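Colleague: I would like to learn how to read helix packing and salt bridges in a model of this kind. Could we go through them one feature at a time?

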Amino acid sequence: MYSIMDVITSGFALFAMLFGAGNLIFPPMLGYDLGNNWGIAVFAFILTAVGFPLIAIIASANAGKKLDDFSNKVSPLFARVYGIALILSIGPLLALPRTGATAYEVTFFHAGFTSQTMKYVYLIIYFLLALMFSLKSSKVVDRIGKILTPILLIVLFIILAKGVFFNDQEVATKVFELPFKKGFIEGYQTMDALAGIVFSTVILNAVNNGKELTKKQEFSFLLKVGLIAAVGLAIVYTGLSYIGATFGSYELIAGAEKTDLLVKLSITLLGKIGYLILAICVAGACLTTSIGLIVTVSEYFSGFLKISYEKLVIITTAIGFIFAILGVNQIIKISVPILVLLYPISIGLIIINLFNIKNANVFKGVTLVTGLIGLYEGISVTGVTMPAMITNIYNSLPLIDLGLPWLVPSVVVGFCCYFIKDEKTK
């Protein structure tokens, strides 16, 4: 069994695992862009950035211990392709380079070191450190993380308190259509739902902390722990979004980009010393995250490729470095079509595994529908013009204004597939 203290301790541990320093750049910009529409948008953002990651962890516990177990009922080939897509997304193609680019832009770039040479020097040192610690396990990184994360949270608390309760700025009035859709899709950028699927075993073991729990006790425990983590994350994201909304018409930050906005808000609210502390903590937290991502990617691919772990660490780090050179905004642009494709599929699989449905036909039907709609959206956001007939069908789907055009069709198809007998689950 477990005690209340176990729940509280594990709740804060789960919060720390899901709380990524790189995610800090999204809520302020969401509020800044939407002004008085920020409330609806941040609610939708929390659904995808907090709700689905927590559900993903519980769903993964139902699916099995291996990543492929999560989607294996669609087909073994799909499970492998889907797993590789998830690993590459949270690894060398998107999340890993974004940590390096964020660390640079929050620290050196805004300190006046804007030359390309300084950018290369910083990123080379950053990724060499990540490479060194990934090749050789060391408690130094864990200790750094345990020191920097609490400091980062304290600085964030001060920013939130000052920005929410001691802020003379008023929420800017802005006209923005479909704020829910904007917030929902912006939540994809945290990639926490995808990470929740990949890291589920690690997170579950850390949260359970060696406790011998029955399935019912584990579900109850995870639910309570998840609620604590969810409340913490929701407070941070809501507060940052609100602060961004209050600075929506502030001339000194007009035209600011994501990392630029976070920095200028920090300097405005805390002064240069507060910003310096924040920058150091963000850089350190990003580095520890990078090491975890490199290790995860390398261990996954070494499991079925005839390439050593050490070589995969070097390859993963090198790719991350190359993409980090592009900068945060460019990485985000590249990530949009990929995440718009992966998220509907992932959410569909999360829900099916959450309800512990065994019928493989449901997995196949829901994945087909979410995959096709996600593919259309992924291609469309790149600017490619789709055939008129397909576009008309897409535009007629319910809940399209909420960014959920795949929801109703996948529920209908999944319900119908449930009554088709599956030979393996008889």
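Colleague: In which helix do Glu 186 and Lys 182 both lie, and how many residues apart are they?

Modeller: Before that, a word on the basis: this is a predicted model, in which local features need pLDDT of at least 70 and side-chain atom pairs count only at pLDDT 80 or more, while totals for chains, interfaces and linings use all residues. Residues are numbered from 1 along each chain as its sequence is written, and side-chain values use heavy atoms, with hydrogens and water left out. Helices are DSSP runs of H or I with at least four residues, numbered from the N terminus. Glu 186 and Lys 182 both belong to helix H8 (residues 179-186), where they are four residues apart, about one turn of the helix.

Colleague: Which salt bridges does Glu 186 form, and how is the term defined?

Modeller: A salt bridge is a side-chain nitrogen of Lys or Arg within 4 Å of a carboxyl oxygen of Asp or Glu. Glu 186 pairs in this way with Lys 182, the closest N and O atoms being 3.8 Å apart, and its side chain also meets that of Lys 258 at 3.9 Å, N to O. Lys 258 lies in helix H12 (residues 258-302) and Glu 186 in H8, so the second pair ties together parts that are 72 residues apart in sequence.

Colleague: Is Glu 186 buried or exposed?

Modeller: Buried means under 20% relative accessible area, exposed over 50%, and partly exposed in between, with a 1.4 Å probe and protein chains only. Glu 186 is buried at 11%, and Lys 258 is buried as well, whereas Lys 182 is partly exposed at 27%.

Colleague: At what angle do H14 and H15 pack?

Modeller: Axes are lines fitted to C-alpha atoms, for helices over the stretch in contact, and angles run from 0 to 180 degrees between N-to-C directions. Helix H14 (residues 328-354) and helix H15 (residues 360-380) pack at about 160 degrees, with their axes 8 Å apart. Angles under 35 degrees count as roughly parallel, over 145 as roughly antiparallel, 65 to 115 as roughly perpendicular and the rest as oblique; H14 and H15 are therefore roughly antiparallel.

Colleague: How do H1 and H11 pack?

Modeller: Helix H1 (residues 4-18) and helix H11 (residues 215-246) pack at an angle of about 50 degrees, with axes 8 Å apart, and are therefore oblique to each other.

Definitions and conventions
Helix = DSSP H or I, 4+ residues; strand = E, 2+ residues; numbered from the N terminus.
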